[in-house]
Amino acid sequence: MDNAAIIAGYSLYLPFAENYSQLINNLRVGKRVNENYWFASDEVALKCGFRGNKRVARLDQIDDSPLALLHRLIDDALDQANLSKSALTGERVRVYLTGLGPRVDGMDYKSFYDHNDVEDLKCSPSISRLHVNNMSQDELAYNIAHKYRLNYLPPNLHCTSNSSLTAVHLGCQAIYNDGADIVCVVNCSKIKTQDIWFLENQSMLDSESVQPFGQNSRSVLFAEGCCVILLESKAHRQARGINEGVQLKSTYAQISASRSNDSAWLSANIIKVIGKILDDANVGLGDLCAIIPHGNGSSNSDKAEAKAIAMLSDKQPVPVLAYKGQLGYTTTGSGIVDLIIGEHSLRQRELLTPVSNDDIIEEIASQLLTDIGVIKHEKKHLLKTGLGVDGSIIGIVMSDTRI
């Protein structure tokens, strides 16, 4: 099919790895991401309204204006795809900006109410950080559009955990419906205090241990990061003399966000999404080398996913890979990271098993691969799923067209 969406290139910069090669090498040797406490002490955390200090994985680059980094990542992805910078100029190009970029920190906003006199600016510099330049991603979108001479200003997509996967899905649909030749999804995920507050209120920071599908895990390992992925139509690639790659086929479902905490309801809808995308792609469970679920360590959604996967693969178990306890949960960009790992798994015919931090729940213990290094395979398909607290469910089948 000429309108198939193919992964053309990608790049990343994470606390776990500064590039793709380092990502794969670190997974291969079982490295874990470095964690740091968000607050200076437990006492400070308690004063700020938290029940205790929280561990996160932060980028070495802490500048709140990551434009230069995003430009480099876009250029790296274009280079990998053997495309020039001018490739993003044109009517049949779509660029999406996703994630949590430059914003003010909630603690600076709180300081404004404690120190709101003009004279206090000298004593409370945090007030000055409330400037509009520090609280909008529109500047990122404008600068990307200007540098790469885009025909359209990149829309900012933020639908919680599924931000980047939603953009990938939209890109796949644009290519499938012959509306675009090239799609670029740019993700920028920075952490602010309000993000940690949000996760705590969602009961996603309730345990010290973080292990997707872990028996004792009731927490995620929040991580910063930036990443880029390029999609290209099969016809456009063939016109450039390229006849192979990893193809994506996607589907999207939206349930009520108020019912996303209903484990049984969520499981039933995950089953529907997986069944639909496998049917659309004409792929059976036995054709999959692995499933990379959302699996972030949060108890409720993990149990719903585990139940759905176990029910679907009752007679034909499929290996499951979940990396967010090892490399961190880049909340709005982890979907792209998983797609990059999935592309490697298909192209190199190997599964890189993550290291474990906890015993695995019974429903999925026999399928979740951990601590066994590299496993070779000969299959051409992989399934990636994503969940959002907004009620979004995404399923993507990845297929190696070389086989």
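Contact means heavy atoms within 4.5 Å. Helices (H or I, at least four residues) and strands (E, at least two) are DSSP runs, numbered from the N terminus. This is a predicted model, in which local features need pLDDT of at least 70, side-chain atom pairs count only at pLDDT 80 or more, and totals for chains, interfaces and linings use all residues. Residues are numbered from 1 along each chain as its sequence is written, and side-chain values use heavy atoms, with hydrogens and water left out.

**Exercise 1.** Determine which residues join α6 to α12, and classify them.

Solution. Step 1: the axes of α6 (residues 163-176) and α12 come within 6 Å and cross at roughly 65°. Axes are lines fitted to C-alpha atoms, for helices over the stretch in contact, with angles running from 0 to 180 degrees between N-to-C directions. Step 2: from α6, Ser164, Leu165 and Val168 meet Ser334, Gly335, Ile336 and Leu339 of α12. Step 3: this contact has four nonpolar, three polar and no charged residues. Here Ala, Val, Leu, Ile, Met, Phe, Trp, Tyr, Cys and Pro count as nonpolar, Asp, Glu, Lys and Arg as charged, and the others, Gly among them, as polar.

**Exercise 2.** Describe how α1 is placed against α12.

Solution. Step 1: the axes of α1 (residues 20-28) and α12 (residues 334-347) come within 11 Å and cross at roughly 75°. Step 2: the two helices are therefore roughly perpendicular (65 to 115 degrees; under 35 is roughly parallel, over 145 roughly antiparallel, the rest oblique). Step 3: Tyr20, Leu23, Ile24, Leu27 and Arg28 in α1 meet Ile340, Ile341, His344 and Arg347 in α12. By class, six of these residues are nonpolar, one is polar and two are charged.

**Exercise 3.** Locate Leu23 in the largest nonpolar core.

Solution. Step 1: a nonpolar core is a set of buried Ala, Val, Leu, Ile, Met, Phe, Trp, Tyr and Cys residues joined through side-chain atoms within 4.5 Å; buried means under 20% relative accessible area, exposed over 50%, partly exposed in between (1.4 Å probe, protein chains only). Step 2: of the 51 residues in the largest core, Leu23, Val168, Ile229, Leu231 and Met398 touch the most other members. Step 3: beyond four places in sequence, Leu23 is in contact with Leu12, Phe16, Ala17, Leu327, Ile340 and Ile341.

**Exercise 4.** Is Glu224 buried or exposed, and what does its side chain reach?

Solution. Step 1: Glu224 lies in the loop between β7 (222-223) and β8 (225-233). Step 2: Glu224 has a relative accessible area of 0%, so it is buried. Step 3: its side chain reaches the backbone nitrogen of Ile191 at 3.0 Å.

Technical notes
Polar contact = N/O pair within 3.5 Å; in protein donor to acceptor, adjacent residues only side chain to side chain.
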